[in-house]
Amino acid sequence: MTLDVALLLGQDGLVNGAIYALLALALVLVFSVTRVIFIPQGEFVAFGGLTLAALQAGRVPGTLWLLCGAGAAVAVRDGLAALQARSARGLPRTLLWSVAYPASMAALLRLAPFRSWPAWVQIPLALALVVPLGPAVYRLAYQPIAGAPVLVLLIVSVAVHMALVSLGLLLFGAEGFRTAPFSEARWDVGGIPVGAQSLCVVLFSGALIAALWLFFERTLHGKALRASAMNRTGARLVGIPVGLTGKASFALAALVGAFSGILIAPITTLYYDTGFLIGLKGFVGAILGGLASHPLAAAGALLVGLIEAFASFWASAYKEVIVFTLIIPVLVWRSLRTRHVEEDD
Amino acid sequence: MPRLFRTIAPLAALLAGTALGAEINVGVTVSATGPAASLGIPSRNTVALLPTTIGGVKVNYIVLDDATDSTTAVKNARKLTSESHVDLLVGSNTVPNSLGMIDVAAETETPMISLAAGARIVEPVDEKKRWVFKTPQNDQLMATAVARHMAARGVKTVAFIGFADAYGDGWWAEFSKAAAANKLQVVAGERYNRPDTSVTGQVLKILAAKPDAVLVGGAGTPAVLPQKTLVERGYKGLVYQTHGVANPDFLRVGGKDVEGTFLPAGPVVVASQLPDDHPSKKVALEFIKRYETVHGPGTASAFAAHAWDAGLLIQAAVPVALQKARPGTREFRTALRAALEGVRGLHGAHGVFDMSPTDHVGLDQRARVMVQIRNGAWQLVQ
């Protein structure tokens with residue numbers, strides 16, 4: 001192996017690692033706030049990329065129907081809850097988000113010539129279609145059992161993952177899609193070619209991570225999320241609505257997932273089921289960080305990306321085995337180091 | 001009493017129908033969801049176009065989805081044979097699924113036509129596999145075409161990058177043999193997974209070996225990724241793909257990066273460019289017309305044509321078997337198997353089928369053409 005090859009592999013590893021890091025952060029966020037191991041995280045990656053691809057091809061993305069369906073289901077659920085509670089408080093807000101919003105999106109997609117719009121308008125539009133699915137998933141699948149043990153929440157996650165993958169096949173079809181690159185430019189940095197798209201992935205990932213950090217450190221909502229992650233009961237006692245923090249964390253996770261999908265869609269072919277493996281590698285990164293520490297999770301995810309790149313050079317047939325075997329020594333080390341505390345659910 | 005009669009009457013009619021055996025039941029299991037969905041969906045679409053009467057007898061097609069899962073494929077085959085009492089099994093789209101179904105076919109003495117490519121589905125024809133036929137070409141037929149084409153173009157060294165699954169393994173094995181026979185030196189053999197988002201490591205290793213040509217052993221749109229990475233890294237040699245990529249989506253996803261690629265394919269892929277005396281031209285054009293009338297222009301693929309060929313085999317064998325026995329009986333299934341084995345000179349969309357007791361594919365070199373991608377379309381290489 002020459003230095004050139006090592007640098008190229010390192011570059012490839014960093015680009016993939018940046019995406020894994022984003023997903024690892026989202027997984028840690030969702031887990032610490034809601035105790036949900038969010039297996040469907042990867043589906044949002046696929047949905048984000050495929051939605052943008054559909055917009056660029058001038059087709060109405062299947063995500064719109066998913067959004068309408070999820071909105072209708074949320075409206076019915078909240079409506080029933082309001083009937084039971086004999087109180088219409090909060091209903092207008094629900095109707096706004098679950099009925100009026102999807103309807104206005106549908107109208108927009110029907111009337112607007114979105115195909116000819118520039119990428120910087122199409123991307124927010126794709127995000128606007130995918131991100132509301134996060135809170136909707138939380139409202140429908142997790143909020144009714146928010147107090148259940150971690151294992152039950154995990155099993156629900158598996159079910160949600162299966163449902164979303166199947167819906168993905170139905171809405172997007174079995175074939176893969178790519179989107180137009182943000183830029184085709186390439187530079188030579190010390191004899192190593194660096195693509196603008198790869199640079200975009202790293203830069204935007206870094207920017208998003210910085211934005212998340214600012215959100216958690218500097219805003220009231222971010223602090224509320226952190227408070228409910230540290231101590232749910234305490235957070236409720238000081239008046240933080242725990243249901244709302246759950247929805248907020250899922251919205252952030254969906255945003256991070258969909259944005260990751262949009263970032264990688266120009267450099268790889270995305271399929272309806274691509275997300276699972278990407279999400280799983282982010283999960284390995286999050287495990288390296290103990291599912292609690294944000295910086296450790298990001299570092300772990302970068303490590304996963306790098307190991308993957310070098311493994312694909314030396315032993316391509318065993319690449320996945322090497323990446324996923326990584327989790328065993330880490331778990332052994334962690335279980336030896338930390339005292340095991342019984343979960344008090 | 002009348003109410004009881006109303007319940008029983010249709011049931012009795014149903015039983016009578018089964019007993020009379022006036023109808024032929026064809027059980028189909030395809031991978032319409034899961035990783036092989038891009039093969040299974042066209043197959044399912046094609047089955048819907050097959051004739052519903054053959055030799056004056058009504059034919060029912062019972063189509064199930066196996067989600068590209070071999071356990072489900074076997075379960076489907078069991079259900080079709082034991083509950084629906086089918087006279088013939090068709091499917092499935094992948095090698096592992098088809099291999100699993102062989103036991104069911106042999107045990108229930110039901111002939112089966114597989115839509116997967118692997119030669120080991122039908123070879124060697126033994127006590128079990130005598131019940132099994134398949135329509136796609138063997139990998140070996142395609143691999144020798146690739147190796148010969150490379151040798152003719154003056155290629156000396158070649159690298160391989162393929163799926164880390166049965167498809168990649170099959171091609172690696174067959175191509176290694178064909179390369180040795182044509183004095184090609186294989187300088188690298190790399191693997192990747194269908195859902196991988198990057199193959200930079202493998203491609204760098206291939207570039208380090210400086211091959212004259214690279215063969216990508218992948219199917220469908222996931223086969224684009226290695227080629228895009230090769231182009232990105234400045235590879236200037238020849239790139240070959242396998243017949244598994246011959247669908248319009250490969251061209252759509254590959255774009256200008258797959259321009260100039262060579263691949264072996266069934267004649268149906270370039271049907272309109274075939275010389276008029278090619279045995280598959282008429283059948284292939286007819287199939288494309290039928291398929292695209294229903295599903296829109298440009299939708300007919302090589303995978304759909306394998307299912308169409310299975311339909312042609314059924315139409316050739318059923319009238320012969322009908323003379324021997326009635327549908328729904330063991331005798332009919334035995335006769336149908338013998339009739340399938342006796343098919344000679346049948347012009348299909350993918351070639352000419354000449355079945356024999358030792359060859360249950362029956363395709364020869366007329367079932368392959370070399371194709372090049374030029375201007376975003378498949379072009380026949382003369």
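What is the mean pLDDT of chain A, and what percentage of its residues reach 70 or more? The structure is a predicted model, in which local features need pLDDT of at least 70, side-chain atom pairs count only at pLDDT 80 or more, and totals for chains, interfaces and linings use all residues. Residues are numbered from 1 along each chain as its sequence is written, while chains are lettered from A and ligands numbered from 1 in the order in which they are written. For chain A, the mean pLDDT (the predictor's confidence in each residue, from 0 to 100) is 89, and 98% of the residues reach 70 or more.

Chain A contains 15 helices and two strands; helices (H or I, at least four residues) and strands (E, at least two) are DSSP runs, numbered from the N terminus. Along the principal axes, the C-alpha atoms of chain A fill a box of roughly 70 × 60 × 35 Å. Of the 345 residues in chain A, 43% are buried. A residue is classed as buried if 20 or more other C-beta atoms lie within 10 Å of its own, as exposed if 12 or fewer do, and as partly exposed in between, with C-beta atoms placed from the backbone. Among the contacts in chain A with a separation of 6 or more, 78% are between residues 24 or more positions apart; a contact requires C-beta atoms, placed from the backbone, to lie within 7 Å.

Chain B is divided into domain 1 (2-137 + 288-364) and domain 2 (139-265), with bounds from an automatic or database domain assignment. The centres of the two domains, taken over C-alpha atoms, are separated by 32 Å. Contact between them involves 13 residues of domain 1 of chain B and 14 residues of domain 2 of chain B. On the domain 1 side, α4 (95-107) and α11 of chain B each supply at least two residues. That side comprises eight nonpolar, five polar and no charged residues, where Ala, Val, Leu, Ile, Met, Phe, Trp, Tyr, Cys and Pro count as nonpolar, Asp, Glu, Lys and Arg as charged, and the others, Gly among them, as polar.

Strands pair if DSSP finds at least two bridges between them. In chain B, strand β1 (residues 23-30) runs parallel to strand β3 (residues 57-65), and eight bridges join them; B:I24 stands opposite B:V59 of β3(B). Strand β2 (residues 53-54) of chain B is antiparallel to β3(B), with two bridges, and B:T53 has B:K58 as its bridge partner. Two residues lie between the strands of this hairpin, in which B:G55 adopts a positive phi near 60°.

The buried residues of α2(B) pack against α7 (150-172) of chain A and, within chain B, against β1, β3, α9, α10 (281-295) and α11 (302-322). Because 11 of the 11 residues of α2(B) are buried, this helix is largely enclosed by the rest of the structure.

The contact between the chains takes 25 residues from chain B and 25 residues from chain A. On the chain B side, α2 (37-47), β8 (185-192), α7 (200-208), α8 (224-232) and α9 (248-254) each supply at least two residues. The largest share, six residues, comes from α7(B). The chain B side divides into 12 nonpolar, nine polar and four charged residues.

How values were computed:
Two residues are in contact if their C-beta atoms, placed from the backbone, lie within 7 Å.
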